[in-house]
Amino acid sequence: MAQTCKATGGAGLSSTRGYEDTINARISGEINDVESTLPDNIKDRALSVFKSAVSENYPIKDAIEKVQKEALCEIETVFKGQRFKGYIKFEFDMWVVTINVNKFGNGNAQFSAGVGQKKMVCPDPFMGKLSDPNMNR
């Protein structure tokens with residue numbers, strides 16, 4: 001009987017379950033914070049598109065795709081022939097969604113996205129401060 005490869009033995013559909021669950025989740029609630037390095041007009045357009053996708057109860061992956069198609073496509077015309085790198089980050093009570101833009105001088109643009117859940121940390125009752133050392137970074 002052949003042995004399975006130690007590096008890829010656990011790969012496959014079962015290892016993507018957490019990813020699939022995350023991108024197919026739906027966000028509820030209001031946006032707490034928006035952080036961005038995009039120009040103001042594109043940032044405002046991306047924010048309104050993302051809010052409408054959340055209010056229409058889109059899954060996270062569809063909301064990200066909608067922002068990329070309807071708002072971030074303007075970067076190609078605004079920065080025609082120029083290099084541009086930027087991002088926009090939406091923070092909710094439980095979710096953080098980041099969309100990155102990497103536009104090259106030759107006209108090609110590359111988008112990437114990151115999705116994560118916020119981890120709530122309880123204050124340490126004995127020390128009087130938050131118990132997570134990375135909280136203020």
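Modeller: Let's begin with a word we'll need: two residues are in contact when heavy atoms of theirs lie within 4.5 Å. Keep in mind, too, that what you see is a predicted model.

Now find Ile27. Leaving aside residues up to four places away in sequence, Ile27 touches Phe50, Val54, Ile60, Phe92, Trp95 and Val97. Ile27 belongs to the largest nonpolar core, a group of 27 residues. Ile27 is also listed there among the residues with the most contacts inside the core, along with Leu38, Phe50, Leu72, Ile75, Phe90 and Phe92. Which elements give two or more residues to this core? They are α2 (40-55), α3 (60-70), β2 (84-91) and β3 (95-103). Helix α2 gives the most, with seven residues.

Let's follow Phe50 next. There are three aromatic pairs by the rule used here, and Phe50 with Phe90 is a stacked one, at 4.2 Å centre to centre and 0° between the planes. This pair links distant parts of the chain: Phe50 sits in helix α2 and Phe90 in strand β2, 40 residues apart. Are these two buried or exposed? Phe50 counts as buried because its relative accessibility is 0%, and Phe90 is buried as well, with a relative accessible area of 0%. Phe79 and Phe84 are both buried.

Back to Ile60, one of the residues that Ile27 touches. Ile60 is in α3, where Ala63, Ile64, Lys66, Val67 and Gln68 are buried along with it. The cover over the buried residues of α3 includes α1 (17-23), α2, β3 and β4 (109-117).

Lys66 forms a salt bridge with Glu56, their closest N and O atoms being 3.8 Å apart. Glu56 lies in the loop between α2 and α3 and Lys66 in helix α3, so the bridge ties together parts 10 residues apart in sequence. Glu56, for its part, is partly exposed, at 45%.

Conventions. Residues numbered from 1 in each chain as written. Predicted model: local features only at pLDDT ≥ 70, side-chain atom pairs only at ≥ 80, totals over all residues. Heavy atoms only, no water. Core = buried A, V, L, I, M, F, W, Y, C linked by side-chain atoms within 4.5 Å. Buried < 20%, exposed > 50% of the residue type's maximum accessible area, 1.4 Å probe, protein only. Helix = DSSP H or I, 4+ residues; strand = E, 2+ residues; numbered from the N terminus. Phe/Tyr/Trp six-rings, centres within 6.5 Å; stacked < 30°, edge-to-face > 60°. Salt bridge = Lys/Arg side-chain N within 4 Å of Asp/Glu carboxyl O.
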